[in-house]
Amino acid sequence: MALRTTVAGLSSPEDLARALTGAMYLADDGIATAGYLSLALGKPLLLEGAPGVGKTEAAKAIAGILGRQLIRLQCFEGIDASAALYEWNYPRQMLAIRQAREGETLDIYRDDFLIERPMLTALRRPESTVLLIDEIDRSDHEFEAFLLEFLSDFSISIPERGTLRAAERPVVVLTSNRTRELHEALRRRCVYHYIAYPEPEREAQIIMMRSSAVAEGTARAVVHAIGLLRQEPLAKPPGVAEAVDWAEAATALAQAGAPWPEAFRRSLGAAIKDEEDFVHLRPRLPLIIPGLAA
Amino acid sequence: MIAALPAAARLLVAFPTLLRGHGFSVAPEQTTSFLMAVELLGPRSIEHVRKAAVATLAPQPEQRILFDALFDLHFLGAIAEPGDEDFAPDEEMAVQEDAGSREILVGEEVNETGQAATGAEALSVRALQPADETEVLRRFARVLPTALPRRRGYRHRGARRGQSVDLARSLRAAIRHDGEVMSLKKLRRVTRPRPILLLIDISGSMKQRSDANLALAHAVVQAAPRAEIFTFGTRLTRVTRALRLRRREQALSEAAGLVADWDGGTRIGDALQAFLAVPRFASYARGAVVVVLSDGLERGDPAALVSAVARLAARAHRIDWLTPLAADPGYRPETEALRLIAPALASLSNGGSTARICRHILLLGGSAAA
């Protein structure tokens with residue numbers, strides 16, 4: 001395979017990082033490298049990490065800088081080919097058969113009886129779409145095995161129509177929350193990156209970029225508190241999305257007249273979304289939120 | 001083809017081979033991607049080579065420290081094998097995950113480890129004696145897949161009777177009769193065996209049962225469609241991957257090598273809290289049959305154990321606590337911790353022998369398969 005060192009005007013990971021920043025996504029070195037390699041090698045990008053670290057956002061940002069439509073396939077347990085690939089419109093086929101006149105030849109496997117699902121759409125229009133296969137760890141092993149054929153050849157077999165093959169390799173991003181281990185065969189077909197929680201400095205930048213109303217001091221206070229929360233044994237540790245929500249919620253309360261540490265505490269529900277976690281944290285709150293009276 | 005490679009490329013190609021030797025699975029196509037990635041990135045420094053390696057050879061996050069150590073060893077010639085002075089046991093993590101290899105010890109915290117172990121620990125590593133209960137385990141493994149409790153799955157299958165209409169099959173049948181619908185084909189939900197989660201106490205007071213329980217865990221991993229095994233004493237160790245090795249002796253010695261807290265004290269509450277604090281581990285318990293093999297002699301704070309079991313019970317299908325102490329017919333849970341958690345348990349019964357534990361697990365699905 002010939003190497004394309006320039007993809008969509010990007011000739012290095014640094015280029016991609018800059019473009020992603022323009023699309024409101026602050027990428028670290030690792031994700032910029034993996035993203036660039038994925039585009040250049042024509043391989044799917046597999047992003048793993050805790051919920052809320054920005055895996056789906058990364059896919060959206062990549063679609064944004066490539067100027068393509070993002071097609072999202074949300075995985076769930078029991079997802080199968082008819083939800084991911086295509087389905088025939090059976091009622092319409094049945095109606096057409098009933099309405100067909102004697103002696104008329106009828107092709108019930110025409111395009112207009114075919115309902116495209118996300119993977120087929122991405123295969124048919126690879127130059128204008130980015131396919132996001134979200135939370136692949138939620139699907140079962142059967143679906144993962146089924147994905148392998150798609151991800152290695154970018155082809156789909158429809159028994160009634162034969163094999164459809166993508167003219168060029170579509171851009172595919174897979175995400176996983178690691179609730180189960182993915183099959184090695186899937187991992188090896190992808191360029192891989194594990195997204196960890198961002199460094200405090202970067203997280204503060206993300207908050208301020210996402211929400212212009214949040215003051216720098218608020219962003220830093222939130223990042224500091226979130227860092228402490230992530231060290232606690234919580235059922236649902238807060239992700240970056242929660243950090244942004246918390247900063248916005250605290251800002252909104254403060255603007256509505258609540259005094260500062262109190263606004264911060266009252267909006268904790270934007271970051272912590274589990275009753276047991278609340279109970280666990282209650283005695284530690286004065287440590288996590290500075291200035292809060294015990 | 002390898003012979004024609006320049007010396008620099010030979011060094012690159014040799015790295016995946018080194019990784020395979022340490023339990024990483026690297027496919028030949030990943031080696032090719034690695035070479036292309038290095039070319040794409042410049043490479044201007046050794047860090048570019050490292051980035052290319054991480055992106056294309058895809059080490060799991062918990063393998064990352066070993067991966068970096070091997071990378072340094074290979075490309076920088078650094079001596080990565082940690083000496084005792086570099087990695088004192090106290091720096092090991094409370095939650096250990098089987099990295100698939102033990103040749104280079106890794107004693108570093110990774111992102112999802114939960115709390116660090118504290119307090120005095122009696123750490124010891126020892127070899128396992130193979131248990132002499134092979135026949136019991138063989139029969140157990142044969143029956144287990146059908147004996148586990150089942151739940152409704154999300155997939156459908158054609159059936160004579162069912163809840164919904166199978167349009168695809170109905171249409172194909174109708175075509176044979178010129179579009180006349182003679183009979184509607186039906187679909188029904190398939191059922192799937194529930195996952196099984198085994199939590200094995202390997203503390204000093206369970207010494208008599210530890211080896212046999214691990215051998216039993218090996219049979220469970222081999223037979224059940226979805227199984228997860230953790231050991232705990234003063235810390236928590238995931239041994240599932242080691243137990244996936246088919247040969248029992250090899251699997252058990254691999255697993256035994258991962259566990260660092262043999263025959264130490266027991267802090268069940270802390271171990272279960274650590275289990276629940278890693279969202280990935282906690283998700284293993286969702287809808288699962290949880291079997292705890294422990295005498296429940298808790299040295300830590302009972303409050304931690306009680307809250308952990310309550311949280312576990314909220315996730316799991318059922319929790320069965322099997323203790324060797326219940327071999328005595330007059331046994332009553334006497335420790336405060338066990339008394340407090342008893343209401344959250346589906347059963348608290350005899351875990352005194354492999355045969356009894358096997359029988360109990362086989363009866364969980366309500367069949368008389370045992």
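A polar contact is a pair of N or O atoms within 3.5 Å; within protein, one must be able to donate a hydrogen and the other to accept it. By that rule, 12 residue pairs, both partners at pLDDT 80 or more, are in polar contact across the interface of chain A and chain B. The model is predicted.

**Interface extent**
- Chain A contributes 48 residues to the contact, and chain B contributes 48 residues.
- About 4,300 Å² is buried between chain A and chain B, with 56% of it on carbon and sulfur atoms.
- Glu77(A), Arg178(A) and Glu181(A) provide 16% of the area that chain A buries against chain B, more than any other three residues.

**Charged pairs**
- Between chain A and chain B there are 10 salt bridges.
- In one salt bridge, the side chain of Asp29(A) meets that of Lys51(B), at 2.7 Å from N to O.

**Make-up of the chain A side**
- α1 (13–22), α2 (29–41), α5 (90–99), α7 (141–153), α8 (184–188) and β9 (191–194) of chain A each give at least two residues to the side that touches chain B.
- α2(A) gives the largest share of that side, seven residues.
- The residues on that side of chain A comprise 25 nonpolar, five polar and 18 charged.

**Positive phi in chain A**
- Most residues other than glycine have a negative phi.
- Met24(A) has a positive phi, near 65 degrees. Met24(A) sits in the loop between α1 and α2 of chain A. Met24(A) counts as partly exposed because its relative accessibility is 40%.
- Glu135(A), not a glycine, has a positive phi of about 55 degrees. The loop between β5 (129–134) and α7 of chain A holds Glu135(A). Its relative accessible area is 17%, so Glu135(A) is buried, the cut-off being under 20%.

Technical notes: Residues are numbered from 1 along each chain as its sequence is written. Chains are lettered from A and ligands numbered from 1 in the order in which they are written. This is a predicted model: local features need pLDDT of at least 70, side-chain atom pairs count only at pLDDT 80 or more; totals for chains, interfaces and linings use all residues. Side-chain values use heavy atoms; hydrogens and water are left out. Contact means heavy atoms within 4.5 Å. Buried area is the accessible area (1.4 Å probe) that two parts lose on being put together, summed over both. A salt bridge is a side-chain nitrogen of Lys or Arg within 4 Å of a carboxyl oxygen of Asp or Glu. A polar contact is a pair of N or O atoms within 3.5 Å; within protein, one must be able to donate a hydrogen and the other to accept it, and residues adjacent in sequence count only if both atoms are side-chain atoms. Helices (H or I, at least four residues) and strands (E, at least two) are DSSP runs, numbered from the N terminus. Ala, Val, Leu, Ile, Met, Phe, Trp, Tyr, Cys and Pro count as nonpolar, Asp, Glu, Lys and Arg as charged, and the others, Gly among them, as polar. Buried means under 20% relative accessible area, exposed over 50%, partly exposed in between (1.4 Å probe, protein chains only).
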